[in-house]
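Reader: I have the sequence and the model open. Can you walk me through it?

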Amino acid sequence: MPASVVVGLQWGDEGKGKTTDFLSEQVAMVVRYQGGDNAGHTVVKGDEVLKLHLVPSGVLYPHITSVIGNGVVVNPETLIGELDMLAARGIDVRRVRVSRSAHVIMPYHVALDRANEARLDGAKVGTTGRGIGPAYGDRAWRLGLRMGDLVDPEVIRGRIERVLPDKNLLLDSMGANGFDVDALVEKAAAWGERLATHLDDTTWLVQSALARGEHVLLEGAQGTLLDLDHGSYPFVTSSNAVAGGATTGGGIGPLQVDEVMGVMKAYATRVGSGPFPTELTDDIGEGIRERGNEVGTTTGRPRRVGWFDAVPTRYAVAVNSVSSIMLNKIDILSGLESICLCVAYECDGRRLDRWPSSAESLARATPIYERFEGWEEPLHDVRSLAGLPENARRYVTALEELAGVPIVLVSVGPERTQTIERAWRPMRRAPVRV
Ligand code: GDP
Ligand code: IMO
Ligand code: MG
């Protein structure tokens, strides 16, 4: 049984949590493969609302093994808080497995991220302030602590003694407070003690599940346009959010992935800085932000809102080899007189059909729109494409044609069951329980 990847096609917050939860009914294991607690994934089942930053979004199902893969950077404090929150809700958290190879976000990473953003002033990336960039930086520089290191206080001390003088120097130069070796060793050792029973060789867990014929779902965080390589650098995150990241960060090989479900919402949002050609700064944008409750799950910052941009969609479909799409939040567009859809840009007096690789070009791009008639009806109770108002159907068809792959699921509300399933559903295989 091969693996499926769920990946964001925009700037994050496309509703990957809802998509993953919805699909989890049919799989045995859900694996987060990159990012850290910069992610905020929302799952809604009945009256229950779950905001998850590290634990994969399938955790509500008792049959799911939840895996935090080697490509994730883990803030142990966030993870412990999340495990406690889940346990308090009666969820068996022993099924949450954490890769020994995943890197640890240390307090100095968080402090460096925040101090650096403050220093950048007008050129801020607008990070979530969770230490993501510095932690991935140390990983690449081979200076990191890994989750498996936390169970050995001597290893912790050795690693911290090696890096802390430099970190403290840097923090001091930025006007921020440094850290004490002994206090950090004590803190990290306590994390290790608390999390020891969750640590695992997750690559073998994933490979054994696949070998048993189980269906593994890999859940991406952030989105393609925030990808370190494919987004508008430097206004990106520090990991590979694209589907390819599932192989390096999730413990699978490329030929084990047979499906990539792209997740997008019916309009666009972006948190943090960086070019956003279709951004709406008027009342229409404000209305969408309010109706869509577009406030950051992790930071509480209002999300920037804009019309759907199909230029990066084509790029995202290509680089992720997207085979099917879930379209979320179309219900939020009800009540608009007309809806704009960006099909190309004008840049330096020329038409641009391709997503540019430079943030500078993107900043100069102005959208070329196709306009669609809106609809009044609320969509929350619609459960078939035929049940959508004609203008909504037209809009979905246009998105599908622009993306070039089938939209197999359409979400009309945050709750698990507020979902339109089309007849052709490649994700839905019979569950295999071992
Ligand atoms: P993620 O980071 O991609 O998992 O997305 P977030 O959870 O950060 O943001 C998506 C928000 O939209 C969450 O509050 C979801 O509960 C909500 N949501 C998801 N799908 C729908 C939908 O179809 N309609 C509405 N109204 N809300 C949705
Ligand atoms: P989910 O998984 C939306 C953005 C930040 C900032 C940039 C870099 O919920 O979709 P970082 O803290 O990663 O160094 O910040 O990336 N960002 C997100 N935006 N959704 C997310 O996650 C994000 N994770 C990071 O706002 O612009
Ligand atoms: Mg989110």
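Author: Start with strand 2 (residues 29-32): Met 29 and Val 31 point one way, Val 30 and Arg 32 point the other way, and all are buried. Buried means under 20% relative accessible area, exposed over 50%, and partly exposed in between, with a 1.4 Å probe and protein chains only. Helices (H or I, at least four residues) and strands (E, at least two) are DSSP runs, numbered from the N terminus. This is a predicted model, in which local features need pLDDT of at least 70 and side-chain atom pairs count only at pLDDT 80 or more, while totals for chains, interfaces and linings use all residues. Residues are numbered from 1 along each chain as its sequence is written, chains are lettered from A and ligands numbered from 1 in the order in which they are written, and side-chain values use heavy atoms, with hydrogens and water left out.

Reader: Why would side chains in a strand alternate like that?

Author: In a regular strand the side chains go by turns to the two faces of the sheet.

Reader: Which strands does strand 2 join, and do they run parallel or antiparallel?

Author: Strand 2 runs parallel to strand 5 (residues 65-68), joined by four bridges, and parallel to strand 10, again with four bridges. Two strands pair if DSSP finds at least two bridges between them. Met 29 stands opposite Thr 65 in strand 5, and Val 30 is opposite Leu 217 in strand 10.

Reader: And strand 10, are its residues buried or exposed?

Author: Buried: Val 216 and Leu 218 point one way, Leu 217 and Glu 219 the other, and all four residues named are buried. Strand 10 (residues 216-219) also pairs with strand 1 (residues 3-8), in the parallel sense over four bridges. Val 5 stands opposite Leu 218 there.

Reader: What order do the strands take in the sheet?

Author: The order is 9-7-5-2-10-1-11-15-19-20, ten strands in an open sheet with mixed pairing. Strand 9 (199-200) and strand 20 (419-421) are at the edges with a single partner strand each, so one side of each has no neighbour in the sheet.

Reader: Switching to helices. At what angle do helix 2 and helix 6 cross?

Author: The axes of helix 2 (residues 76-88) and helix 6 (residues 181-195) cross at roughly 35° and come within 10 Å. Axes are lines fitted to C-alpha atoms, for helices over the stretch in contact, and angles run from 0 to 180 degrees between N-to-C directions.

Reader: Which residues make the contact?

Author: From helix 2 they are Pro 76, Glu 77, Leu 79, Ile 80, Leu 83 and Asp 84, and from helix 6 Lys 187, Trp 191, Arg 194 and Leu 195. Contact means heavy atoms within 4.5 Å.

Reader: What about helix 12, which residues are buried?

Author: Asn 391, Ala 392, Tyr 395, Val 396, Ala 398, Leu 399, Glu 400 and Ala 403 are buried in helix 12. Helix 12 (residues 390-403) has 14 residues and spans 20 Å from first C-alpha to last, close to the 20 Å expected at 1.5 Å a residue. The expected span is 1.5 Å times one less than the number of residues.

Reader: Which residues other than glycine have a positive phi?

Author: Asn 293, with phi near 50°, is one of them, and Lys 329, at about 65°, is another. Asn 293 is in the loop between helix 9 (283-291) and strand 13 (304-306), and it counts as exposed because its relative accessibility is 53%. Lys 329 is in the loop between strand 15 (324-328) and strand 16 (338-347).

Reader: Where is the cis peptide bond?

Author: Between Tyr 233 and Pro 234, with omega about 10°. Pro 234 is in the loop between strand 10 and helix 8 (245-250).
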